[in-house]
Structures are given as structure tokens and as C-alpha cells.
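Please keep the sequence and the structure in view while reading.

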Amino acid sequence: MTQNTPRTTDDATWWRSAVVYQVYVRSFADANGDGIGDLRGITQRLPYLRDLGIDALWLTPFYTSPQIDGGYDVADYRDVDPIFGNLDDFDTMIGQAHSLGLRVIVDLVPNHTSSAHPWFTAALAAGPGSAERERYLFRDGRGADGELPPNDWESIFGGPAWTRVADGQWYLHLFDPAQPDLNWRHPEVRAEFEEILRFWLDRGVDGFRIDVAHGMIKEEGLPDVGFGMLIDGRRQSSMLGSGQLPYFDQDEVHDIYRAWRPILDSYPGGRMAVAEAWAETPQRLARYIGPDELQQAFSFDFLDATWEAGSFRKVIDTALAEATIVGAPTTWVLSNHDKQRHVTRYGDGEVGLRRARAAALLMLALPGCTYLYQGEELGLPEVLDLPDELRQDPSFLRTGESRDGCRVPLPWEGTEPPYGFGPAGCDKSWLPAPASWAQLSVAAQTGVAGSTLELYRSALRIRRAHPGLAGSDDPVRWLDAAPEVLAFSRRATPDAPELVCVVNISAAPAPVGGYGRVLLASAPPTEVDGEIALPVDAAAWFERE
């Protein structure tokens with residue numbers, strides 16, 4: 001195996017073309033044998049990430065938490081939950097990552113705290129009208145005795161977004177009742193999170209992924225939404241006109257990020273932040289990015305694209321056009337901890353895997369920053385048959401829908417679950433891996449020509465070295481191709497070799513003889529009627545002068 005060489009860590013704009021690997025901490029690697037991934041497990045596996053060829057890793061929350069929502073219910077933003085280790089383990093992990101040329105992004109959860117956070121326990125004890133309750137969104141109820149919620153808002157996890165406490169008031173939680181929303185118009189809340197940013201920046205983190213970045217500000221008066229359907233946090237309703245919700249994507253949220261940007265810029269080495277933001281239009285999403293706000297915002301439209309050439313092309317064209325307007329790189333993502341794995345979304349089984357491999361080459365050939373979700377480099381599918389009693393996603397209890405299937409621990413080696421997830425001899429993992437994953441483990445795929453892991457390693461090595469893929473702003477030039485075939489080229493300078501990416505989404509092999517020399521393919525090209533052809537549901541990179 002050829003080792004991928006990490007980039008240097010002193011480039012202030014590293015994030016413009018980086019490949020970032022999302023580590024779902026509890027499912028990545030377990031060092032102490034309790035069946036739950038931890039920081040020392042990550043440290044032990046950092047050489048794997050270096051050799052894969054990524055530039056940075058993004059860690060899901062590892063802070064002190066009751067773990068009602070997988071750590072996205074934070075009780076202490078300045079400490080590590082004991083199930084993941086301690087601050088010394090974090091310092092060791094980030095130091096080792098930096099020594100290997102890897103940057104570290106951590107998750108920040110500013111929309112809500114845990115109900116176990118000292119602020120919220122103090123608010124419950126203090127009672128109505130207290131200063132402690134002003135940090136959250138407590139309100140009196142409607143109805144003769146306040147027995148009805150203050151408005152009609154619904155939780156993203158299902159059911160009302162309000163819970164009543166013993167003294168009769170209600171508090172807002174856009175997610176689980178164990179995740180009360182903060183009042184971001186309160187100066188103490190803003191000051192606290194600015195200090196939290198500095199705490200982790202001082203420990204060396206290179207950036208933040210901001211959870212629910214569009215949700216911190218709620219419309220004054222907390223008005224009713226009205227009739228409609230909630231989809232991915234966005235209510236679709238003709239009554240709303242533009243569809244903008246009174247609790248998402250309010251203009252005032254940008255004041256928060258304009259205050260955060262100088263903090264990031266005051267530290268050396270290109271510290272950055274990426275927003276998990278949902279907005280009704282690409283134009284509104286683009287507002288989160290800029291020289292006085294955040295460096296990136298996730299573009300989820302690529303993740304949501306269907307397996308059709310027209311769907312991908314529309315999403316790519318729109319994203320690149322918006323990136324040009326704001327002068328920031330586009331972010332590309334196919335899977336994450338909240339979405340069904342794309343192998344399964346694209347059809348599951350052999351069909352889904354073929355399409356997922358092709359989609360990976362499409363994504364990695366595009367300009368901008370790419371986010372990989374742990375295990376996609378192994379071709380892992382969604383685990384659909386987890387026993388109900390083992391599921392831990394809080395939304396499962398309220399809606400019957402679960403995100404646990406994409407969070408099953410990674411298979412590292414061996415022929416039996418949990419496939420080396422923990423130390424030798426350990427047979428525990430917090431969610432069970434299926435028996436079919438033995439052939440998908442890291443050990444089973446390493447050095448195997450044509451494996452999905454080696455495909456990703458080769459693609460990342462070429463992406464880093466080829467001049468046609470090195471830039472974050474190089475234009476995409478669409479080439480003439482048959483229907484349901486995507487073909488585009490990138491060239492850094494007129495003198496540099498041109499890289500061509502072709503994706504065959506049609507129902508027949510696609511002729512590719514005129515695109516140049518094959519650098520990499522998700523499935524081997526074949527000969528059809530004397531011509532080189534790309535198989536169905538396959539992608540390839542070509543080089544030509």
C-alpha cells in the first residue's frame with residue numbers, strides 16, 4: 001500500500017480544498033473495552049486516517065452529557081464525558097493528530113443545552129420571572145389555566161416543542177425535552193459561547209462544526225407557524241409564503257457569527273467554522289459564509305440528489321454558482337450521522353455499492369471541500385434490522401424513525417462482530433454489527449485491488465497530487481455526453497494536464513475512448529464494439545493534455 005502523505009498544517013486556507021473525515025466518536029474505535037468508542041481509540045487509529053489521505057477529522061460531541069441524544073445534549077461544554085476519556089486524552093489525541101499532519105474540528109452545540117446543564121437546573125429551581133430562566137425560553141401557556149403550549153411549534157423529533165414544568169410554565173425544545181433551547185438574545189448566553197470557543201481554540205482545535213447553526217434566534221413573539229408539514233426541519237406550507245420558519249434562519253442569527261469570526265481570526269493557522277444550516281434558498285444559505293461570518297456552510301442538496309444525471313448536474317451548477325458569488329468553497333457530502341448511508345439510499349446491495357463508489361469519484365473530482373462520513377470508505381450500508389430495544393436515537397421513541405442504522409461501530413478486523421472495534425478479546429459494542437460486515441472490514445480490504453477502501457485511498461492520493469484537482473476554485477467545464485452521462489473537466493492552468501470525470505448513470509455502457517488515459521475507475525472500463533466503454537453505474541477519472 002502506498003502511504004498518502006499529509007499536507008502541511010500551516011496553510012491558513014487549508015479548509016478551501018480539504019477532505020474532512022467525520023468521526024462519530026462512540027462508533028469509531030474503543031480503547032478501554034466497554035463497547036463505546038473513545039478518544040484514546042481515535043488516537044490509536046490516527047495512522048489509518050493519515051494513510052487514508054484526509055486533511056482533517058471532525059469529532060461529534062464528546063463533552064459531558066447524559067447521552068440522551070448521542071452527546072448533542074451537553075451538560076458541560078468545557079470537559080470530556082468520562083465514557084470518552086478526559087481532557088488529557090483529548091490533548092494527547094489532538095497533539096498526535098497534528099504531528100501526523102491532521103487537523104481537528106470539534107462539534108459545537110449552541111442551540112440548546114442538556115436539561116442536566118447547571119444553567120437549566122438553576123432555572124427550574126429559581127421559578128417564573130427569574131434571571132436564571134431568562135437564559136432559556138420559558139413561557140406561560142395558553143388556555144384558561146395555561147394548560148396549552150405557548151404556540152403550535154413541533155419538535156424535530158416529533159410531538160410538541162414545549163414541555164410543561166411543575167410550576168406551570170413551559171420551556172421550548174426544538175429537539176428532545178432533554179435539550180432545552182437557549183435564549184440567544186441574552187448577553188450572558190452570547191458571552192458564554194464566545195468563551196467556549198476560546199477554551200477549545202486555546203487547546204489547539206482547528207475549527208468547529210456548528211450544530212443547528214440556523215436555529216439559535218427565534219422570531220420575536222414566538223408566533224404560531226400554522227398548518228404545514230415539517231421536512232428536515234423545514235415546514236412546507238403555502239401559508240408561509242417563502243416557507244421561512246419563525247424558529248429557523250432568522251436574520252439576527254448572523255449577528256452571532258459576525259461576533260465569532262474575529263475570535264477565529266485572532267488565532268493562527270486558519271481556524272475555521274462550518275455551519276450545519278438549513279435555509280429555504282441557496283441565496284439565504286450563502287449568507288452564512290463570508291469574510292465577516294463563517295468560512296463554510298454544508299450544502300446538503302448534493303446529499304439529497306437522486307441517482308439521475310439531471311439531479312446531480314442541477315445541484316452542482318447551483319452550488320458552484322453560489323460559491324462564486326460569496327467567494328467561498330462549496331462543501332460536498334454524501335452521508336453523515338443523521339442520514340441513511342448512501343449505499344442504501346442508492347439501492348442497497350450490489351447496485352447501491354456500485355453507485356456509491358461512482359458517487360465518491362464524482363464528489364472528489366469537484367472543486368471545494370469534501371466531508372466523508374466514517375465507514376463510507378469501506379462501502380458500509382445502513383443497518384436496517386437493529387432490534388428496537390437496542391436503538392438509542394431519541395427520535396425513534398417519538399416518531400418510530402431511527403438514525404441508529406448509520407451509527408453502528410466500524411469493522412476493523414476479524415471474522416466475527418464486533419470486528420476489532422475494541423481491544424483484543426473484547427466482544428462488546430454499543431450497537432451490534434451484522435455478520436455480513438466481515439468482508440467489509442479495514443483489514444479485509446487493505447491492499448485488495450478494487451476494494452472500496454483502496455478506491456478511496458487512490459482517489460484521495462490523486463486528488464492531492466493532480467494539478468487539475470488541487471485547487472478549490474478551478475472552474476468545472478461540462479463536456480458533451482450522452483443522456484444520463486455526466487462528463488466534466490478541470491484544468492488548473494492552460495499548461496497543466498486536464499482531468500476529466502465521467503459518471504455513467506444510463507442503462508447501457510457509455511463510450512469513453514475520447515477522454516484520455518484512465519487514472520482511476522470505480523469499475524473497470526470494458527470494450528464494446530471495439531470502443532472503450534464505462535460500465536453502468538460507474539465513474540472514472542481520465543487525464544489528457
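Predicted model: local features only at pLDDT ≥ 70, side-chain atom pairs only at ≥ 80, totals over all residues.

C369 takes part in no disulfide, and the nearest cysteine sulfur, which belongs to C501, is 18 Å away. For C406, the closest cysteine sulfur is that of C369 at 20 Å, which is too far for a bond, because a disulfide requires a pair of cysteine sulfur atoms within 2.5 Å.

Are these cysteine residues buried or exposed? C369 has a relative accessibility of 1% and therefore counts as buried, and C406, with a relative accessibility of 1%, counts as buried too. Both assignments follow because buried means under 20% relative accessible area.

## Aromatic pairs and a cluster

A search of the whole structure finds 33 aromatic pairs. In the pair formed by Y257 and W260, the ring centres are 5.4 Å apart and the planes stand at 75°, so the arrangement is edge-to-face. Both residues lie in helix α5, which spans residues 253-265, and they are 3 residues apart, or about one turn of the helix. Y257 counts as buried at 0% relative accessibility, while W260 is buried with a relative accessible area of 3%.

A tilted aromatic pair is formed by F298 and F300, with 5.6 Å from centre to centre and 35° between the planes; F298 is buried, and so is F300. Y257 and W260 also belong to one aromatic cluster, whose other members are F62, Y63, Y77, F90, W184, F193, F199, W200 and Y288.

## Charges over rings

Which ring lies under the charged end of R45? The charged end of R45 sits over the ring of W412, at 4.0 Å from the centre of that ring. The charged end of R133 sits over the ring of F138, in this case 4.4 Å from the ring centre.

How many bridges join β6 to β8? There are 2 bridges between β6 and β8, the strand of residues 170-172, and these two strands run antiparallel. Across this pairing, R139 stands opposite W170 in β8.

How values were computed
Residues numbered from 1 in each chain as written. Heavy atoms only, no water. Pairing = 2+ DSSP bridges. Helix = DSSP H or I, 4+ residues; strand = E, 2+ residues; numbered from the N terminus. Buried < 20%, exposed > 50% of the residue type's maximum accessible area, 1.4 Å probe, protein only. Phe/Tyr/Trp six-rings, centres within 6.5 Å; stacked < 30°, edge-to-face > 60°. Lys NZ or Arg CZ within 6 Å of the ring centre and 35° of its normal.
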